[in-house]
Amino acid sequence: GSPWPRSTPNIPPTFHSSLKPGDKVDVFTPAQTWSPGLVIAVSDASSSSPPHFKVSYGRVSSGRWAAPRDVAPRGSYTAPPSPPSPSGEDEKSQPKEKRQDRAPYRWSLRPGASGAPQSPVSPPGSSAAPCLVGFANVGNTCYAASTLQPLLRLPSLRPYFMSRRFVDDVNAGNPVGCRGEVARAFGGLMKDFYGGKDSLRAFRQTFGHHHPLFSPPTQQDAAEFLTILLDSLSEDLNLVRSKPYVPDFSSSASPAGLEWWHKFRMRTKSVITDTCMGQVSISHSCARCGRDSDMYDTVQTLSLPVPTPLAFISVTLHDGLGSSALYSLAVPLQSDAGDVKLRLSDVTGLPRERLSVAAVGEDGVSFARLSDKEPVGDYEELVAFVRTWVGDDGEP
């Protein structure tokens, strides 16, 4: 048969029209994997719509309806059916040592997909669904579990480690690497992860041996763990066995970004640099001479701010000349009166120093002026005044 993963097969034009109950097929399941199935019913085809098929597979013994695009000839995406034994005996009735060996899983591709491998197909008789296993929390090691699980699911890394291609790229002689031990431990972790086994403890022992900060089961920073892990994997799998000398170009503005990246890859080239590293440009402008210069640097992670929840406050602005206007301002939940003045200044164009914010009294007539540091989270309505003059200390 063709090697795995298989490309989209050439399905005969008459395949779907000739299907009948009892035929063995491959069916694309809601879990986004291909599974061996059995046709148990066929809908009536009309001139406007093709027939649909009720297929049973796995634990779905009662069957579910599937469109033609989700049904393919048996063996197209899953392991082909085992040939009958010469003696005519059912496989289950044969002694264990005579049963045909089965592959642990197969990569599955849906027709028309981008080519990225989907979740593996569970092996027949498997008690644990691959990819559904979590990691036990030992002490305060949740930082490692939350970082590793999405990393293990990256389509750009999964085939590389699961096919064991990484073994040929291990650079055990790299003086700044981990003798290839972190890369091998990560490959073993991924294999166990997709086989339904939790081996995080073994991986942490290897990783902690080379990075003692992460050896004890104590709380650590997840971003720092990810950065050090990617750096260790990159050096363990670095294809550059002898790093050439490259002149310092990080402080020069002459190389363009593409040239800078090329020089960087002269010393570091791995699957990590290809999939998990990027480049940023840093611009500097001299306040004295006005000269602009650009520098470049590589990054493995980008820190993004967490959006601050906003609250809406109604503010009635009085201009002191008998006119007023109502504004609905979006401010952070933990805002103070100074934030309200700043936001109101942005909206109206009035100088912040000329604005004064006050809370409405219970009688609806009196006002209580608020200092800039006073929280406004408990107010739904405020009033603001435009001051006609401002003292040297910023106060009226």
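Trainee: At roughly what angle do the axes of helix 1 and helix 4 cross?
Mentor: This is a predicted model, in which local features need pLDDT of at least 70, side-chain atom pairs count only at pLDDT 80 or more, and totals for chains, interfaces and linings use all residues. Residues are numbered from 1 along each chain as its sequence is written, and side-chain values use heavy atoms, without hydrogens or water. Helices (DSSP runs of H or I, at least four residues) and strands (E, at least two) are numbered from the N terminus, and axes are lines fitted to C-alpha atoms, for helices over the stretch in contact, with angles from 0 to 180 degrees between N-to-C directions. The axes of helix 1 and helix 4 come within 11 Å, and they cross at roughly 80°.

Trainee: Which residues of helix 4 does helix 1 meet?
Mentor: Contact here means heavy atoms within 4.5 Å. Helix 1 contributes Leu-148, Gln-149, Leu-151 and Leu-152. Their partners in helix 4 are Phe-186, Leu-189, Met-190 and Phe-193.

Trainee: How far apart are the axes of helix 4 and helix 6?
Mentor: Helix 4 covers residues 181–193, and helix 6 covers residues 222–236. The two pack at an angle of about 110°. On the helix 4 side the contact is made by Glu-181, Val-182, Ala-183 and Phe-186, and on the helix 6 side by Leu-229, Ser-232, Leu-233 and Asp-236. The distance between the axes of helix 4 and helix 6 is 8 Å.

Trainee: Is Thr-147 buried or exposed?
Mentor: Thr-147 lies in helix 1, residues 142–152. Leaving aside residues up to four places away in sequence, Thr-147 touches Ala-222, Phe-225 and Leu-226. The classes rest on relative accessible area: under 20% is buried, over 50% exposed, and in between partly exposed (1.4 Å probe, protein chains only). Because its relative accessibility is 9%, Thr-147 counts as buried.

Trainee: Which residues does Ser-366 touch, not counting those up to four places away in sequence?
Mentor: Ser-366 sits in the loop between strand 10 (355–360) and strand 11 (367–369). With 35% relative accessibility, Ser-366 is partly exposed. Its contacts beyond that sequence limit are Ala-359, Val-360 and Gly-361.

Trainee: How many salt bridges are counted?
Mentor: The rule asks for a side-chain nitrogen of Lys or Arg within 4 Å of a carboxyl oxygen of Asp or Glu. Lys-341, Arg-352 and Asp-372 are joined in a network of such bridges. By this rule the count is eight.

Trainee: With which residue does Lys-20 form a salt bridge?
Mentor: Lys-20 is partly exposed at 49% relative accessible area. The closest N and O atoms are 3.4 Å apart, and the residue bridged to Lys-20 is Asp-23.

Trainee: What is the N to O distance in the salt bridge of Arg-179 and Glu-181?
Mentor: Arg-179 is partly exposed, at 47% relative accessibility. Glu-181 is partly exposed too, with a relative accessible area of 30%. Their side chains meet, N to O, at 3.2 Å.

Trainee: By about how much of the helix are Lys-263 and Glu-259 separated?
Mentor: Lys-263 and Glu-259 form a salt bridge in which the closest N and O atoms are 3.5 Å apart. Lys-263 is partly exposed at 23% relative accessible area, and Glu-259 is partly exposed at 38%. Because the two stand four residues apart in helix 7 (residues 257–265), their separation is about one helical turn.
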